[in-house]
Amino acid sequence: MKIDEFRPRLARWTGSTNRITQHMIGGRDPSVINLSGGLPAPEVYPLAAIAAATQRALARFGAQAVAYGPVEGMPALRSAIAARLSGPRQKFSVANVLITTGSLQGVELLGKILLEPGETILAQHPTYLGALDAWRPREPSYRILDWNADEARLGAELRAAKFAYVVPNFSNPTGALVPVEARERLVRAGRTADTVIVEDDPYGALFYDGDAPPSALELSGDGGRGDTYRGPVVYLGTLSKTVAPGLRIGWAVGDPSVIAALSLAKQGADLCTSTFNQAVALELLEAGVERETLPAMIARYRARRDAIVTATRQYLHNSFEFTPPSGGMFLWLKSRDPAIDTDALWQAALAEGVMFCPSSVFDPSGRDTSAIRLNFTLNEETKLVEGVRRLAAALQRRS
């Protein structure tokens, strides 16, 4: 039975989900250049280090590495994440950390514990399509977060929403980096409004120009006076962009009461994140593999960012405008011509052998067809240039 034949039996929300994600992740046609997904380059995966970490994990944990584990995650890994995030502004304890099956699970679990059907989320616009999909069954409404708003207005917007969702570091999809002053205003307003701020940070290590500003989580700390965080921010992190996405290791960090609620939701989702993968991840972190491999990864991605920026200026300048990102994985192109429909362009681009992500999937209403997101981390430079050339050919064919 095909899904359309089964549709009458399905919940209402299934009729509104996007059809792009499976193409981005699962596309395997070698003739199509994939510029759509937020995908790391396979050649940067530390395979030898993962193999060695696997052997160490099995020797260290034995049968425990392949048994059921605590819902909250392995205590040693939770402790490692707490130590990783602790600094002068704030100390974190194991009570602040939940290990998740990828950071997207944290996004989905937060919807479970915070949202009643139809309630409002304050979010950046455009917004990460994975978050929109994760919360779609709750059928929420959305209000647009204006990072330039003053603190009083932010407070009013926060009080009108169940929570805020932000990606300050190289936002998916726009690649924008939010200034520290705007982060500070949001944190202060969140405290005043007593509203949860969800900070999703998968790209926080991928800075190509300049240094990383403090996260909203750091800015909401108590100045290092306590050893357990108690604040309005729930921070989501992952190893998917800096080590390997197949590990499916992420984490949620927040007030212990939030972590307890998330753990309750997680036990009904997958009972526990793979203990085997957690044990391997712990060995990788303790061995400093991420720290050792990151400089070469950043150099590779910086070169690819530069290549796609140059190609886009050459082939697409007359049709799209953009700001080169200073990190992350994405280039966001806004059409200069309102007649350009990027949903239609998506189909034409596939026919030319290139795939991108149209802006409609980042819009809760699905109506914005004015922009496209390009990924530059997956492909080497010559392939990126060819992909942009093919996109320009698709645009020319439709004009």
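Select glutamate 139 to begin: this residue counts as partly exposed, because its relative accessibility is 36% (buried means under 20% relative accessible area, exposed over 50%, partly exposed in between, with a 1.4 Å probe and protein chains only). The model is predicted, so that local features need pLDDT of at least 70 and side-chain atom pairs count only at pLDDT 80 or more, while totals for chains, interfaces and linings use all residues. Residues are numbered from 1 along each chain as its sequence is written, and side-chain values use heavy atoms, with hydrogens and water left out.

Glutamate 139 is located in the loop between helix 6 and strand 4 (141-144); helices (H or I, at least four residues) and strands (E, at least two) are DSSP runs, numbered from the N terminus. The phi of glutamate 139 is near 50°, a positive value in a residue other than glycine. Most residues other than glycine have a negative phi, and most peptide bonds are trans.

Next, select phenylalanine 170, in the loop between strand 5 and helix 8. Its phi is also positive, near 60°. Phenylalanine 170 has a relative accessible area of 1% and is therefore buried.

Remain in this loop, between strand 5 (163-166) and helix 8 (180-193), and select proline 173. The bond that joins asparagine 172 to proline 173 is a cis peptide bond, with omega about 20°.

The peptide bond from histidine 125 to proline 126 is cis, and omega is near 0°.

The next selection is threonine 242, in the loop between strand 7 (233-238) and strand 8 (249-253). Threonine 242 counts as buried, because its relative accessibility is 5%. Display the side chains of threonine 242 and glutamate 290: a polar contact of 2.4 Å joins them (a pair of N or O atoms within 3.5 Å; within protein, one must be able to donate a hydrogen and the other to accept it, and residues adjacent in sequence count only if both atoms are side-chain atoms). Not counting residues up to four places away in sequence, threonine 242 touches Ala205, Glu290, Thr293, Leu294 and Met297, where contact means heavy atoms within 4.5 Å.

Finally, display the whole protein, which has 14 helices and 13 strands. Its C-alpha atoms fill a box of roughly 60 × 50 × 50 Å along the principal axes. Of the 399 residues, 55% count as buried. Among contacts between residues at least 6 apart in sequence, 75% join residues at least 24 apart.
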